[in-house]
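Open the model in your viewer and keep the selection panel at hand. The stops below go from one group of side chains to the next.

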Amino acid sequence: QQQLLYAVQDTVINPNAGSVSDVKTANVTGNNITFISDTGNLGVVDTQETVIKTDKLAELFTKGTLSDAEKAQLDKLASARAGDVTWGAENITIERTTPVSVKLNGDGGKVTVQNTSGDMADHIYLLAKDSVLNADKFAANDLRLSGQEGLNVGSVTGEKIYLEGGSGNIGHIDKNDVENTLHAVQVTLKNNGFISANAAGNVKLQQVLEDPNEIVDFTLGSVAGNNVDIDAVGSIVSREDDIGYINANGTINLSSDKGGIGTETDGLRIKNSGAVVNTDVQSAINIEAKQDGTLILGTMEQDAGGVNVDSEGSIYIGKEDDPNTDEKDDVLGYIDAKDDVNLSAAEDIIISGMLHVNKNDGNLNLHAYNGDITQTTINEAKNIAVDNLTVAAINGDVELANKHNVIGNVDIQAVGGSLALAVSNPEG
């Protein structure tokens with residue numbers, strides 16, 4: 001029951017990159033489109049909600065013959081978007097929303113929403129069919145924007161923000177920029193809100209504080225794209241009581257001016273998709289890598305704090321070039337932590353870059369449950385340096401044999417196979 005519920009939640013909350021809402025025809029077509037109202041609201045919420053008992057979900061999927069009502073329930077769930085569903089302990093509630101749909105004829109055309117009340121709109125549900133959604137800014141408590149060929153928006157403000165870029169990018173391009181450089185959407189989250197974003201292309205988001213004197217976390221729901229760039233003032237964290245994660249094909253670049261990644265109790269959730277994660281933050285890095293697969297740690301820059309990564313798959317620090325392919329696919333990776341480092345993986349831990357713990361009496365804990373712990377490097381620039389090393393490869397081998405390693409104390413807790421360990425530089 002719980003596995004099925006997670007699978008259904010994952011499908012709805014974390015759709016594949018490029019997944020986008022659709023309508024048969026656009027409500028409004030034009031070069032520049034302006035909506036004016038005394039509320040600023042766009043789109044509607046279905047007044048008839050659909051409720052599925054959580055403990056009946058497995059029965060609906062395995063039952064031989066479904067009633068018309070049961071078929072309708074599953075159809076609603078299958079077609080629901082993340083923001084349409086509330087996942088309660090007893091009930092799954094689906095409350096569908098219908099966007100106002102537009103089609104912009106020209107590349108330079110824009111959509112504008114004018115709210116004459118002066119107050120924040122309650123909701124804006126807007127979709128650009130077969131075109132890029134171009135706009136300067138949007139603001140609503142519940143904000144859902146979809147551009148089937150991309151989202152080109154300067155800034156968004158809201159408590160719950162969902163962005164869909166379809167086959168294009170999510171970002172902002174200055175109309176006067178002849179090179180069409182993709183810049184980040186400026187994002188202001190109100191009331192400890194969150195943002196989700198999905199596109200087949202690149203996704204770029206930058207946090208803007210509502211109050212410049214109050215630093216708050218930048219909270220992410222589900223984010224999917226080819227390359228994902230997140231630039232925050234506070235710490236970059238995942239939404240609580242949720243299973244949304246970052247899913248990228250290429251690189252995930254995470255930077256924070258005043259904070260770190262995740263929290264001590266809840267790491268930032270990232271899918272083990274083989275993407276390369278790079279950081280440039282001020283404090284600790286905490287990551288939860290979800291599902292089978294590999295997470296590659298690239299350049300892990302930080303001014304303070306440790307590094308904690310817990311993976312349901314494998315962890316790589318950097319990556320060696322594959323000699324069996326013509327394409328050069330090596331990845332520069334290193335950890336230069338200012339506090340303890342804890343790497344725990346269900347499968348392998350592969351160290352192909354520098355791994356330093358720059359703390360007196362600092363600790364490096366490496367734990368692989370069903371795989372190997374392997375160091376592939378041989379030169380000094382990519383060694384391991386730490387005062388205290390703890391290693392556990394319950395069902396695998398341990399090979400940390402770079403002769404330039406500088407390791408003080410070693411605690412071998414478990415090795416299921418062979419052990420090869422170099423603890424100091426014999427050349428002094």
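Is Lys63 buried, exposed or partly exposed? Lys63 has a relative accessible area of 34% and is partly exposed. Bear in mind throughout that this is a predicted model.

**Charged pairs**

Glu70 counts as buried because its relative accessibility is 15%, below the 20% limit. The whole structure holds 15 salt bridges, and a few others are worth a stop.

Next, select Arg81 and Glu164, whose side chains meet in a salt bridge of 2.6 Å, N to O. Arg81 sits in the loop between helix H3 (68–79) and strand S5 (85–87), and Glu164 in strand S12, so this pair ties together parts that are 83 residues apart in sequence. Arg81 is partly exposed at 25% relative accessibility, whereas Glu164 is buried at 10%.

Move to Lys110 and Asp136, a salt bridge whose closest N and O atoms are 2.5 Å apart. Lys110 belongs to the loop between strand S8 (100–104) and strand S9 (111–115), and Asp136 to strand S11 (residues 133–147); the two are 26 residues apart. Lys110 is partly exposed, with a relative accessible area of 27%, and Asp136 is partly exposed at 46%.

To finish with charges, select Asp84, Arg96, Asp142 and Arg144 together: salt bridges link them in a network.

**The aromatic pair**

A search of the whole structure gives one aromatic pair. Select Tyr162 and Phe194: the ring centres are 5.6 Å apart and the planes stand at 85 degrees, so the pair is edge-to-face. Tyr162 is in strand S12 (residues 151–166) and Phe194 in strand S14 (residues 185–199), so the contact ties together parts 32 residues apart in sequence. Both residues are buried.

**Nonpolar cores**

The largest nonpolar core has 79 residues; Leu126, Leu145, Leu163, Leu205, Leu254 and Ile287 touch the most other members. Centre the view on Leu205, whose contacts beyond four places in sequence include Leu163, Ile195, Phe218 and Ile230. A second, separate core of 13 residues has Ile52, Leu60, Leu74 and Leu77 among its members.

**Last stop**

Select His356 in strand S30 (residues 354–357). His356 counts as buried, at 17% relative accessibility. Its side chain makes a polar contact of 2.6 Å with that of Asn383. Beyond four places in sequence, His356 also contacts residues including Ile335, Asp336 and Ile384.

Terms used:
Residues numbered from 1 in each chain as written. Predicted model: local features only at pLDDT ≥ 70, side-chain atom pairs only at ≥ 80, totals over all residues. Heavy atoms only, no water. Helix = DSSP H or I, 4+ residues; strand = E, 2+ residues; numbered from the N terminus. Buried < 20%, exposed > 50% of the residue type's maximum accessible area, 1.4 Å probe, protein only. Polar contact = N/O pair within 3.5 Å; in protein donor to acceptor, adjacent residues only side chain to side chain. Contact = heavy atoms within 4.5 Å. Phe/Tyr/Trp six-rings, centres within 6.5 Å; stacked < 30°, edge-to-face > 60°. Core = buried A, V, L, I, M, F, W, Y, C linked by side-chain atoms within 4.5 Å. Salt bridge = Lys/Arg side-chain N within 4 Å of Asp/Glu carboxyl O.
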